Amino acid sequence: LDIGPLAPTFLQQALHPRDACELVEFHASWGGVPRYWEVAEGLSGLSNEATVTVAAMLVLSAGLAKTGAVNFIGVGLNRIGRRSFWLALAMIMVVVGAVSAFINNTAAVAIFMPIVLGLARELKASPSKLLMPLSFASMFGGVCTLIGTSTNLLVDGVARSRGLEPFTIFEIAPLGIVQVAL
């Protein structure tokens, strides 16, 4: 689809996204879809095992958030972290790093962000002093397992498609743990 001319309107918020989609739909209905692009080709990425696994991990992460399993951890983190800024920082790094190894790291950040913002407010600290370590801890924890980050799953999918042996869930853990420790 030729939506390049619509990009500035998104950036300037001059056109509501719904209206922009209607324009693209109108453009496509009048033959604006290039013939070299086939629908089957466009949807072929959904047949990749890694894509389906990433979607499943996001569903799992949402389930953990909805059931309160991660919030339970957050309450404990708040209780311990109220004592001092440095203790809160260390606890955030350890807990988020461990959690993001087993759920998608982006979902871990989304789940823990409100908890960390509340903790920053209680400690009268700048939120960025806790949010940046939250982000880094989720990235470092995510590289400890195959399912921790979408990139690992996609690399595994590419390796499989090229006839290489698939990764095991903890195969990259030694390197990831070294990264976390540094």
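1. I111 is buried, its relative accessible area being 12%, where buried stands for under 20% relative accessible area, exposed for over 50% and partly exposed for what lies in between, with a 1.4 Å probe and protein chains only. The residue sits in helix α7, and its C-alpha atom is separated by 9.1 Å from that of G74, which is 37 residues away along the chain. Helices (H or I, at least four residues) and strands (E, at least two) are DSSP runs, numbered from the N terminus.

2. The model is a predicted one, in which local features need pLDDT of at least 70 and side-chain atom pairs count only at pLDDT 80 or more, while totals for chains, interfaces and linings use all residues. Residues are numbered from 1 along each chain as its sequence is written, and side-chain values use heavy atoms, with hydrogens and water left out.

3. On confidence, the mean pLDDT of the protein chain is 77, and 70% of its residues reach 70 or more; pLDDT is the predictor's confidence in each residue, on a scale from 0 to 100. Among the elements of the chain, the lowest mean pLDDT, 49, belongs to helix α1 (residues 7-12), and the highest, 92, to α8.

4. The protein chain holds 10 helices and zero strands. Of its 182 residues, 31% count as buried. Among contacts in the chain with a separation of 6 or more, 65% come from residues 24 or more positions apart, contact meaning heavy atoms within 4.5 Å.

5. Helix α6 (residues 85-100) and α7 cross at roughly 165 degrees, and their axes come within 10 Å; the axes are lines fitted to C-alpha atoms, for helices over the stretch in contact, and the angles run from 0 to 180 degrees between N-to-C directions. The two helices are therefore roughly antiparallel to each other, given that angles over 145 degrees count as roughly antiparallel, under 35 as roughly parallel, 65 to 115 as roughly perpendicular and the rest as oblique. The contact is made by F85, A88, I92, V95, V96, V99 and S100 of α6 together with N105, A108, F112, V116, L119 and L123 of α7. By class, these residues divide into 11 nonpolar, two polar and no charged, where Ala, Val, Leu, Ile, Met, Phe, Trp, Tyr, Cys and Pro count as nonpolar, Asp, Glu, Lys and Arg as charged, and the others, Gly among them, as polar.

6. Helix α7 (residues 105-123) also packs with helix α8 (residues 128-142), at an angle of about 155 degrees and with the axes 10 Å apart, which makes α7 roughly antiparallel to α8. On the α7 side the contact is made by N105, V109, F112, M113, V116, L117, L119 and A120, and on the α8 side by L130, L131, L134, S135, S138, M139 and G142. The class count for this contact is 11 nonpolar, four polar and no charged residues.

7. N105 lies in helix α7 and counts as buried at 11% relative accessibility. Leaving aside neighbours within four places in sequence, N105 is in contact with S100, S138, M139, G142, G148 and T149.

8. The loop between α7 and α8 contains K124, a residue other than glycine whose phi has a positive value, near 55 degrees. K124 is exposed, with a relative accessible area of 78%.
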